[in-house]
Amino acid sequence: MRTAGWVVLNTLMVSGSLLGQDKGATPQLKSFTVIRAGMLIDGRSDGPRHDQVIVIRGNLIDSVSDAASTKIPQGATVIDLSKETVLPGLIDSHTHIFLQGEEPAEGGYDANILKYPLSLRAARATVAVRRALEQGFTVLRDVETEGAGYGDVGIKEAIEGGFIPGPRLRVATRAISTTGGYPLEGYAPELEMPKGVQIIDGPIEARKAAREQLDHGADWIKVYMTHRSWVGKNGELASQPTLTLEELKAIVDETHGWGKKVACHAYGGIGLQRALDGGCDSIEHGLQISDAQIAQMVKQGTWYCPTISVYYTDWGPPDTPQGQRDRLRASAHEESFKKALKAGVKIVFGTDMGGIPWTEPIAQEFPRMVDLGMSPLEAIRSATSRAAEMLDMSGQVGVVAPGAYADIVAVPVDPLKDIKELGDVQFVMKDGKVFKAAGQPN
Ligand SMILES: [Zn+2]
């Protein structure tokens, strides 16, 4: 029934917006939608504005202005959010729509690849993207399918074709690591096991893998520069480096040539250093980043997508090597985040949803960032205009301003006073169409 409700609502909105877009036809007033915003956090400005009117034509924002001086177009559909706080659609820059939380009781990570038909994984991915949109996330950078091949390209096409609801996707497809650098692991050596990524050895294979993935629709290339982690001899967080500098440079050179970017999973140490020296565009996780590495990130303009929340789940018992490792990951990460924030590293909001079950709230990452010293406004920007900049979508998404896509959300209580309010998104518009509104089915 919920699905049926969405289809009806959506069909109405589609036909309404098409009225003004017929080829050669004079724009009709019915194509206008107007949102009255009690408070507007536009994603870019230094502070909120009150009593704003957002005029939307088709799928784009036409104007944003003070209510007192704005004449609402005759015949426009008016959406009254005058008691709410209105924001741009949110952006999660690190998700896995093809993962489901990896419950050990359900077979953990390996079951995805060994037991689940790809159709089941794709079906669950459609639920994941819907969940994201319901929570106000209108853009996801999805950083690899974990053995589901180019499934993310298909989900993206399904959303863009209007077959299923979901955010705008920027996808990384298969991701890249080296022999010994990614699961499935721990099986008899006689068995040729499938892997959760594309395995390469040597710069030639590295470049070829990037070419293949870009050719098949990757918007980003994702590279694993470290594998696993443990407590090192000196109490540091150790991890195994994977790609050599030459291998990474081949991938970065190829990807930049296509006008695209490279995201590097890197926990710390040699692997993170190679990621920076190899010219990667974004460091994912960055659990233990040295002062020199932070300075290098600032100098090179490297993005930092920390994904804090996921390192607080499933800790082992404190008296086990795994439990000690888990606690060190969280404490080192907090320190790295604080140092990066202070140094002015460009930080984007990312969660690793998928590693976290999609049934959990995506917005849980906001209070983590604010607790570690980021201002609520800066945390919102990290999930709006800052992320848009990283995604080369500035002005299109992550902002409520003329010319941007009409991706707009609202919450009942001011999130600058309590950032947790971003977990209570009650209105979602994507591409000028209302997907969710209080009191309406979706
Ligand atoms: Zn991830």
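Which residues have the most contacts inside the largest nonpolar core? Select I97, I155, V223, I251 and F366: they have the most contacts inside that core, which has 79 residues. A nonpolar core here is a set of buried Ala, Val, Leu, Ile, Met, Phe, Trp, Tyr and Cys residues joined through side-chain atoms within 4.5 Å. Buried means under 20% relative accessible area, with exposed over 50% and partly exposed in between (1.4 Å probe, protein chains only). Helix α3 (residues 118-134) gives this core its largest share, 5 residues; helices (H or I, at least four residues) and strands (E, at least two) are DSSP runs, numbered from the N terminus.

Before going on, some housekeeping. This is a predicted model, where local features need pLDDT of at least 70 and side-chain atom pairs count only at pLDDT 80 or more, while totals for chains, interfaces and linings use all residues. Residues are numbered from 1 along each chain as its sequence is written, and side-chain values use heavy atoms, with hydrogens and water left out.

Now zoom in on V223. Leaving aside residues up to four places away in sequence, V223 touches I176, L243, L248, I251, V262, A263, C264 and H265 (contact means heavy atoms within 4.5 Å). For a second, separate core of 21 residues, pick I54, I79, F427 and V434, which are among its members.

Next stop: the zinc ion. Its protein donors are H94 (NE2), H96 (NE2) and D352 (OD), 2.1 to 2.3 Å away. Donors are N, O and S atoms within 2.8 Å of the metal (3.2 Å for Na, K and Ca); water is not among the atoms, so sites may look incomplete. Along the sequence the donor spacing reads H-x1-H-x255-D. H96 sits in the loop between β5 (90-95) and α2 (108-114), and D352 in the loop between β16 (346-347) and α10 (365-371), 256 residues apart. Both H96 and D352 are buried.

On to the rings: select Y109, Y182 and Y224, which form one aromatic cluster. Rings of Phe, Tyr and Trp (its six-membered ring) pair if their centres lie within 6.5 Å; planes under 30 degrees apart count as stacked, over 60 as edge-to-face and the rest as tilted. The count comes to 6 aromatic pairs. Y182 and Y224 make a tilted one, 4.5 Å centre to centre with 55° between the planes, and both are buried.

Last, colour by pLDDT, the predictor's confidence in each residue, from 0 to 100. The protein's mean is 93, and 92% of its residues reach 70 or more. Over residues 1-30, the pLDDT is below 50.
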